[in-house]
Amino acid sequence: MTTAPTPDRDEAALLDAQAEALREALNLHNHRYYVLDDPLISDAEYDRLFRELQALETAHPALATPDSPTQRVGAAPAAAFGEVAHRVPMTSIDNAFEDAEMDAWDRRVRQGLGMDDAALVTYTAEPKFDGASVSLRYERGLLVSAGTRGDGRTGEDVTANVRTIRSVPLQLRGHDWPEVLEVRGEVVIPVDGFARMNAEQAKRGGKIFANPRNAAAGALRQLDSRITAERPLAFFPWGLGETSAPVGARYAEVVASLGDWGFRVTDLFSVVEGLAGLVAYYGELAARRAELPFEVDGIVYKVDALAARERLGYTARAPRWALARKFPAQEETTQVEDILASVGRTGVITPVAKLAPVQVGGVTVTHATLHNQDEVERKDVRIGDTVVVRRAGDVIPEVVSVVLDRRPDTAQPWRMPATCPVCDSQVLREEGVAAYRCMGGLACRAQLAGSILHFASRRALDIRGLGDKLVEQLVDSGRVRNVADIYRLTKEDLAGLERMGEKSAQNLVDEIEKSKDTTLARLLHALGIPQVGETTAAQLAEHFRELDPVMAATPEILEQVPNVGPAMAAEIHSFFLQVHNREAIGALLAAGLVPKPPAPRAAGNAPLAGKTYVLTGTLESMTREDAKARLQALGAKVVDSVSKKTSGVIVGADAGSKAEKARTLGVPMLDEAGFALLIERAPGGQAFAPPPDGEGTPAQSG
């Protein structure tokens, strides 16, 4: 077993200072990004600093500290959770559902403080985040433990998991915090992050999370904190536990201090006066509820003055100085009248429950997603069932569960249809995922807008000016009923559309005409064949050379193409079997589309045979696709990632992490002028002769 050499004292001091500088920089940028939402540097630059610190700590483990940003990535699974004792109990809060209950609470507070009826109590108001409560203990500014609420006196030790949450400071900012400080708050998942999680789960056929609260609580209870680190968790403080010294005289001062010490404090926090202030805040937040980035299930009101809280004290279970005003329920029960197969823009078919209308969170809900066939079976949802339906903000309503004891004898199971309900094409399940897809991509009306946008995209037919809004207008107006119809559009057809003048219309007509002269690889990519991206399309074009042999190929023949396995071969074959797709391709060719075969295959002694290049950034003189074609024509292989085996990296403007990785690995890099010289000199065999000064010198050469 080998160990890292021990540095001498001067070198150790230098390394320690270097690590400390990196930690300070990363902590600053982490705070600006995750707490203030105001980043100072790019993600690529942050990643570079992070990798530098990670490499330093790996080479010299003694430099790693508990508050290092590298400690957020998670650790190996624990055998079980330990316990954390709450020296100041984590109590519950009484709930109110009507204005009258708030009136009664305000009256009790004034009476408890000996105030007359005309006096106004100063309260604080903040959203009641719907997540999982935790208590964070800091000693001398360092996070030492984190525990769940548990029974209020003892919770589970989730320190390793909480350390992965980017908005939790591992070390407090500033210097005026108490030596011992317990910060209580809520771990939550943003609505858009929750939607992405469930979309990914649905794609993989995994369990769909019922709501962000359950997902956040589940993430906190992962024995493997590396899983927790992958979840989009955030932390919002809502109070204090044990402290070794007072933090302020008012709760508003406490909140301000927590913000100064590095916590993410909600900008919805407010100080209000009396009952009128409580009611007004409720109305304002309730009106904004659907647009909030996090789920909230109500508002928490608290007496602002901490001394007044001491006088009011506690009941057996809750503080007298706080109240949670709850919003209307986001879940209701209703009956499934039918289950429909809904075809999305990409051809993925989603089961959707047609419901007996029900009010959920102030909105009438008539349909709810069931995500995929696996989820229908897992929840055992049947036509005729009574179900729990949930709606959260702008997220599509979903069926949460079935009320089994109310299932009628006539309830009918549902299965994914074998053919598309829109175009009658074959429906296939994608290999390795839960999604079912309609294979009639070019002719299915439900997929038309999506098919056209993909067809016209930069790496497909590259029809500039044919964007989202315009395609929607063309489809909705009936001007375009299939992909081939775009080649029949005239200036007059386009000029009358929104934001389309005569000049813009003529420019688009010219772009459409120009796209007829294309390559077989681009056309195959543009067709939207499932699993066939740009690279596979190029490999198919290189192997078959013409369109007809691709369309006629059996799965066995398709598997002879590099990187085309049985599942992909089956999908390609099925795509071309669909009559509607073949008709649409025929219409494109009849409209004048001319797909050129690839350039002649480079011989084994081609100038750049055996070389591998990576392109990054934007080139001025040509597109990256054209640059790729030039390199391939000379026998080179063009790949997406940089490794030690890469022959060179062509660096354009605004290059990203690939250029940085090339610099780190010592891989030669050429700017655009250097690339031009490479192409020019390649036939002479000087593939990487350095260009003269002023003629495109590499930014750095290995």
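**Figure 1. Ala 627, Arg 630 and Leu 631 of helix 22 meet Phe 675, Leu 678 and Ile 679 of helix 24.** This close-up comes from a predicted model. Of the residues in this contact, five are nonpolar, none is polar and one is charged. Helix 22 covers residues 624-633, and helix 24 covers residues 672-681. Their axes come within 11 Å and cross at roughly 30°. Angles under 35 degrees count as roughly parallel, so helix 22 and helix 24 are roughly parallel to each other. Their crossing is left-handed.

**Figure 2. The whole protein chain, for orientation, has 24 helices and 24 strands.** Its C-alpha trace spans about 90 × 80 × 55 Å along the principal axes. The chain has 702 residues, and 47% of them are buried. How many of the contacts between residues at least 6 apart in sequence join residues at least 24 apart? The share is 67%.

**Figure 3. Asn 581 sits in helix 21.** This helix runs over residues 579-590. Is Asn 581 buried or exposed? Asn 581 has 0% relative accessibility, so it counts as buried. Which residues does Asn 581 touch, leaving aside neighbours within four places in sequence? Met 439, Gly 440, Gly 441, Leu 442 and Ala 443 are in contact with Asn 581, and so is Phe 575.

Figure 4. Cys 438 is in no disulfide. Its nearest cysteine sulfur belongs to Cys 423 and is 3.5 Å away. A disulfide needs two cysteine sulfur atoms within 2.5 Å. Cys 438 has a relative accessible area of 2%, so it is buried. Cys 444 is in no disulfide either. Here the nearest cysteine sulfur is that of Cys 420, at 3.9 Å. Cys 444 also counts as buried, because its relative accessibility is 0%.

**Figure 5. Asp 297 lies in strand 10.** The strand takes in residues 296-303. Asp 297 has 16% relative accessibility. Buried means under 20%, so Asp 297 counts as buried.

**Figure 6. Ser 504 belongs to helix 15.** Helix 15 spans residues 502-514. Ser 504 counts as partly exposed, because its relative accessibility is 36%. How far apart in space are Ser 504 and Lys 491? From C-alpha to C-alpha, they are 8.8 Å apart. In sequence, 13 residues separate Ser 504 from Lys 491.

**Figure 7. His 371 has a positive phi although it is not a glycine.** The angle is about 70°. Where is His 371? It lies in the loop between strand 14 (363-369) and helix 11 (373-379). Its relative accessibility is 17%, so His 371 counts as buried.

**Figure 8. Gln 531 is a residue other than glycine with a positive phi.** Its phi is near 75°. The loop that holds Gln 531 runs between helix 16 (520-526) and helix 17 (534-544). Gln 531 is partly exposed, because its relative accessible area is 38%.

Conventions: Residues are numbered from 1 along each chain as its sequence is written. This is a predicted model: local features need pLDDT of at least 70, side-chain atom pairs count only at pLDDT 80 or more; totals for chains, interfaces and linings use all residues. Side-chain values use heavy atoms; hydrogens and water are left out. Axes are lines fitted to C-alpha atoms, for helices over the stretch in contact, and angles run from 0 to 180 degrees between N-to-C directions. Helices (H or I, at least four residues) and strands (E, at least two) are DSSP runs, numbered from the N terminus. Angles under 35 degrees count as roughly parallel, over 145 as roughly antiparallel, 65 to 115 as roughly perpendicular and the rest as oblique. A crossing is left-handed if the near helix is turned anticlockwise from the far one by less than a right angle, and right-handed if clockwise. Contact means heavy atoms within 4.5 Å. Ala, Val, Leu, Ile, Met, Phe, Trp, Tyr, Cys and Pro count as nonpolar, Asp, Glu, Lys and Arg as charged, and the others, Gly among them, as polar. Buried means under 20% relative accessible area, exposed over 50%, partly exposed in between (1.4 Å probe, protein chains only).
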